[in-house]
Amino acid sequence: MSTLTAKSPSTVASVIPAAARKIRTVAVLGSGVMGSRIACHFANVGLKVVLLDIVPREPNAAEQAAGLSLSHKAVRNRIVNDALQFALKSNPSPIYSKSLADRITTGNFDDDMPLIAQCDWIIEAVIERLDIKQQVFAKVEQYRKAGTLITSNTSGIPINMLCEGRSDDFKRHFCGTHFFNPPRYLKLLEVIPTTHTDPEVVSFFMRYGDLILGKTMVLCNDTPAFIANRVGVFSITAIFNVMQEMGLTVEEVDALTGPITGKPKSATFRTCDVVGLDTMVKVADGVYQNCPDDEARAFFKIPDYVAKMVENNWLGDKSGQGFYKKVKGANGKSEIWALDITTMEYKPAAKPRFESLGAVKSIEKLKDRLPALYQQTDKGADFLKRLGNLLCQYVSKRVPEIADEIYKIDDAMRAGFGWELGPFEQWDALGVANVVKDMETADKRPAQWVYDMLAAGIHSFYRLDKGKRQAYNPQTKQYETIPGSENNIRMDDLRATQKAVWKNTGATLHHLGDGVLNLEFHTKMNAKGSEILEGVNRAIDIAERDGYKGLVVANDAETFSAGANLAMILMLALEEEYDELDFAIRAFQNTMMRVRYSGIPVVLAPHGLTLGGACEMSMHADKVVASAETYIGLVEVGAGVVPGGGGTKEFALRASDAYYEGDIRLPLLQKYLMNIATAKVATSAQEAFELGIFQRNKDIIVVNPNRVTAEAKRAALELYQAGYTQPTPKKVRVLGKSALGTFYAGIASLQVAGHASEHDALIARKVAYILCGGDLSAPTDVSEQYLLDLERQAFLELLATRKTLERIQSILSTANRFATNSSHQFST
């Protein structure tokens, strides 16, 4: 852990202009589920963090047995230290890399509150009780230096009430900053100013959260539950009521409200179990108590079966059971059982079948799938229509109460609840006028401003105008450009506003403007086959021929690319078409080398799953501009082969470069061998640097996923403007037998110890052989093509083995089964 030294607070008061304010150290007060994870995310983006919590009342049994008293630092910091360690061990991890935890200093409110005097931002994340939060703020004022930002992570307490009794300087620098759990993964950050908050403070948070924290920033009015929880919990409570009226089961509702309708895989009830039913009920009760004029207030009154679940402590994962629970089956294996809300008993979870879902599951794009789904007539479609009418009515009547503009509601639901489309975006997809007719039939009329909009001849909430995304503003009764949208590049907008420069069935080439092209993949899981290889080569050819300044490779799919097309490889291997396989591998290798040695800068913008061949492409690009949430690795060993597109060669090249820069080659080669042989996948872009996949001298991370493509375009232009010239091939110093024997001995030891099968050991030896440049008698300089030939030879030899073919068949079988059972539910 890092250490900080307390300083005396300053008495100089000022409001720093938003553009001039710097954040270096943040204090997080409260180390619970939210506080500890917020601290981790601050560490993710490079900040020093002070994490404080209360002192325990007394030593626990283990501490007493060790002879420790309440005065001992380990006892006094037990709560905060245990909370942080629990967070660091949780899955998914709240931190990009465990090494970043060194940026967090822990302490307690009694001993270490003076440390906040040197912090630039103090965020409170203690229990949701007004009196306790006010006590914390009173203590903060004793040590906080004037001008320091101070915020609360409350999820529902009115922000204006929290700063009552505080100094003018405190009030001017105070607002709500509501993170969503887990803060690393959920991109929403709601900013809620008070009547006293200085506008410069608000401007700073809106900019800082976007650029540095990677958040979708939503400015909220100070209303109960703010925006996302107000709408999201209404949606859930509406489902509670409508499902009961229609006699639907928990499993049926989750089938209807999951990815098929653009919601997370956890749908409704699995989400409740993960978040905690008590948490959801607390928000609903808060709205019910504090919004007497809400026309839908009755929906926030929890139905009897939910109240009974809370009484029984059936709260979800935290209590071991909720709407679902795991039980041991007759065969000893775990089974998932679901709650029957009519009998309040659990039974094996069923797999619902709706004709409506079957009719639309092959429609890939949600904007096309939703209208088709709403044309269906079965019980499932009826449920979705009733729910949709309620939601559209509710959000239309929340403007301008909770938000002045409709795009804020959509942004909040996409970033906070994981909806693919916000409610107004869904409404647009279905046709505003068509939905209004359905609402009128159901006696669920929308707010008057919707009728005024339609009467004025405006038939959609959003539009593109000269490439800029605009939203209808009910206050001004006209379209207005969405702030910040000019800084982002949306693939949907490119597709809607311009003709492709070139395209085939697997890839499309667009012009991003300013002389930069973008190649987008659109095969299943963006797997790399002949279409994508053709796309890469044609994109570079066109850019070089027609004088473009650079090429970006980016897309907006959930998966950047799952790697090579295994089905094609398996088919050729089973038919023993080794000449065809040799040709295909050469084509892939040649394409990667074309990326490396093109006449224009090539910038890759990966995100999400970036596996196998996609990883290899990133290793050959001039620069990588990676989303922080990039899960990347050379995973070919899992399929029984070696990386055959230059990935192994590239690690040998990097070890050679490191040697000439003064590094020691053997440990570095050993690290690369283990990365490949264990199919290691980085769980963040930060970890990809640590694994050596990304390079610190050229590649960068962008925390906000919405900005990745725009940053990649900027990087391509910078390379061009710096006088980019076509690179020249390098010689690679390989070690030959001097390292190969050491590696073979290590692999044999792993096999003897039972850590590697015979086939695993065979693959690992082939990886080692390539990294060492074969069994050369002495360290030798070789060409990249020499190593590529070794890769291709090893790849083909392994494809001729029964074990490798069995592995590929198993992978494809699992993938097909997953796709069949979980249509539109692919996730990392």
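Buried residues account for 55% of the 828 residues in the protein chain, and the model you are looking at is a predicted one. Let's start with the chain as a whole and then step into one of its sheets.

The protein chain holds 34 helices and 25 strands. Its radius of gyration is 29 Å, close to the 28 Å that the globule rule gives for 828 residues, so the chain is as compact as a globular protein of that length. The C-alpha trace spans about 80 × 70 × 65 Å along its principal axes. Of the contacts between residues at least 6 apart in sequence, 70% join residues at least 24 apart. As for the surface, the protein chain exposes about 34,800 Å², with carbon and sulfur atoms supplying 51% of it.

Now to the sheet. Seen in order, β15-β16-β17-β18-β19-β21-β23 form an open sheet of 7 strands with mixed pairing. Its edges are β15 (502–503) and β23 (700–702), each of which pairs on one side only. Strand β21 (residues 623–627) runs parallel to β23, and 3 bridges join the two. Here Ala-626 stands opposite Ile-701 in β23.

Which strands does helix α30 touch as it packs on the sheet?

| Helix | Strands | Angle |
|---|---|---|
| α26 (residues 613–620) | lies across β17, β18, β19 and β21 | about 135 degrees to β19 |
| α30 (residues 708–721) | touches β16, β17, β18, β19, β21 and β23 | about 165 degrees with β21 |

Technical notes:
Residues numbered from 1 in each chain as written. Predicted model: local features only at pLDDT ≥ 70, side-chain atom pairs only at ≥ 80, totals over all residues. Heavy atoms only, no water. Pairing = 2+ DSSP bridges. Helix = DSSP H or I, 4+ residues; strand = E, 2+ residues; numbered from the N terminus. Contact = heavy atoms within 4.5 Å. Axes fitted to C-alpha atoms, helices over the stretch in contact; angles between N-to-C directions. Rg over C-alpha atoms; globule rule 2.2 N^0.38 Å. Buried < 20%, exposed > 50% of the residue type's maximum accessible area, 1.4 Å probe, protein only. Areas by Shrake-Rupley, 256 points an atom, 1.4 Å probe, with all protein chains shown as cover.
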